Amino acid sequence: MDQLQRADVETFKNQEKTAITLVLDNVRSMHNVGSAFRTADGFAIEKIFLCGITATPPHREIEKTALGATQSIPWEHVKETTEAISTLKEQGYTIIAIEQAEDSILLQDFVPAKDAKYALVFGNEVNGVDEEVMQQIDHCIEIPQFGTKHSFNVSVTIGIVTWDFIQKSKFC
């Protein structure tokens with residue numbers, strides 16, 4: 001860790017965070033959950049909401065991909081994703097679903113405000129973001145795709161979108 005100049009867990013917990021919270025809406029794969037934690041740690045985001053059937057730490061299958069990031073990233077389990085969204089709205093977050101939907105904004109066209117707080121909602125691997133949740137969002141973003149498959153894996157999507165938000169808000 002010293003050679004890589006990485007913070008230890010306690011230092012990390014006290015450092016400034018990127019104003020992004022992830023919301024996992026009924027994500028069924030524990031490996032995807034672990035990957036979300038690892039990505040959240042890598043980009044120093046604020047928190048993860050694990051909603052509905054989304055598994056929670058501690059669990060061996062989550063740790064396989066999280067590699068300890070469940071210790072550094074705050075998380076909360078909420079039974080209903082709509083409850084998490086309501087809480088985040090009350091706290092001033094802009095709610096953005098990442099989903100293929102009518103009137104979605106292409107990722108490259110969305111420009112995050114530098115002083116805004118964002119909650120990024122990622123849905124179930126098969127069914128996507130729940131329709132009730134879609135009724136609560138402020139925006140919907142879609143990643144353009146050019147191949148034969150209709151979607152990216154949710155863990156890949158989390159990495160793409162989170163990096164896009166960070167590079168647009170911190171480096172532009």
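**Note on the predicted model**

1. Residues 24 or more positions apart supply 83% of the contacts in the protein chain that have a separation of 6 or more. The coordinates under discussion are those of a predicted model. Of the 172 residues of the protein chain, 43% count as buried.

2. As to overall architecture, the protein chain comprises six helices and seven strands. Read from the N terminus, these elements follow the order α-β-α-β-α-β-α-β-β-β-α-β-α. The radius of gyration is 15 Å, close to the 16 Å that the globule rule gives for 172 residues, so the protein chain is as compact as a globular protein of that length. The C-alpha trace spans about 45 × 40 × 35 Å along its principal axes.

3. The next point concerns the nonpolar interior. In soluble globular proteins, nonpolar side chains tend to be buried together. In this model the largest nonpolar core has 32 residues, and those with the most contacts inside it are Leu22, Leu24, Ile48, Leu120, Phe122 and Phe165. Two or more residues of this core come from each of S1, H2, S2, H3, strand S4 (93-98), strand S6 (117-122) and H6. Helix H6 gives the largest share, five residues. A second, separate core holds 17 residues, among them Cys51, Ala84, Ala97 and Val129.

4. Not counting residues up to four places away in sequence, Ile48 touches Leu22, Leu24, Ala36, Phe37, Ala40, Ile73, Pro74, Trp75 and Glu76.

5. At the start of H2, a side-chain oxygen of Ser29 comes to within 3.2 Å of the backbone nitrogen of His31. Just after the helix, Ala44 adopts a positive phi of about 50 degrees.

6. Four aromatic pairs are present in the structure. For Phe43 and Trp163, the ring centres are 5.9 Å apart and the planes stand at 25 degrees, so the pair is stacked. Phe43 lies in the loop between H2 and S2 and Trp163 in helix H6, so this pair ties together parts that are 120 residues apart in sequence.

7. A second pair has another geometry. The rings of Phe110 and Tyr118 have centres 6.1 Å apart and planes at 80 degrees, so the pair is edge-to-face. Phe110 is buried, with a relative accessible area of 8%, and Tyr118 likewise counts as buried, at 7% relative accessibility. Ring pairs link Phe110 and Tyr118 with Phe165 into a cluster.

8. His139 is located in strand S7 and is partly exposed, with a relative accessible area of 30%. Leaving aside neighbours within four places in sequence, His139 is in contact with Thr94, Ile95, Ile96, Ala97, Ile105 and Phe110. Among these, Ala97 belongs to the second core, and Phe110 to the ring cluster. Gln15 is 124 residues away from His139 along the chain, and the C-alpha atoms of these two residues are separated by 29 Å.

9. Gln136 occupies the loop between helix H5 (131-134) and strand S7 (139-142). A relative accessibility of 19% falls under the 20% cut-off, and Gln136 therefore counts as buried. The side chain of Gln136 makes a polar contact with the side chain of Ser86, at 3.2 Å. With neighbours within four places in sequence left aside, the contacts of Gln136 are Thr82, Ile85, Ser86 and Lys89.

Technical notes: Residues numbered from 1 in each chain as written. Predicted model: local features only at pLDDT ≥ 70, side-chain atom pairs only at ≥ 80, totals over all residues. Heavy atoms only, no water. Helix = DSSP H or I, 4+ residues; strand = E, 2+ residues; numbered from the N terminus. Buried < 20%, exposed > 50% of the residue type's maximum accessible area, 1.4 Å probe, protein only. Polar contact = N/O pair within 3.5 Å; in protein donor to acceptor, adjacent residues only side chain to side chain. Contact = heavy atoms within 4.5 Å. Core = buried A, V, L, I, M, F, W, Y, C linked by side-chain atoms within 4.5 Å. Phe/Tyr/Trp six-rings, centres within 6.5 Å; stacked < 30°, edge-to-face > 60°. Rg over C-alpha atoms; globule rule 2.2 N^0.38 Å.
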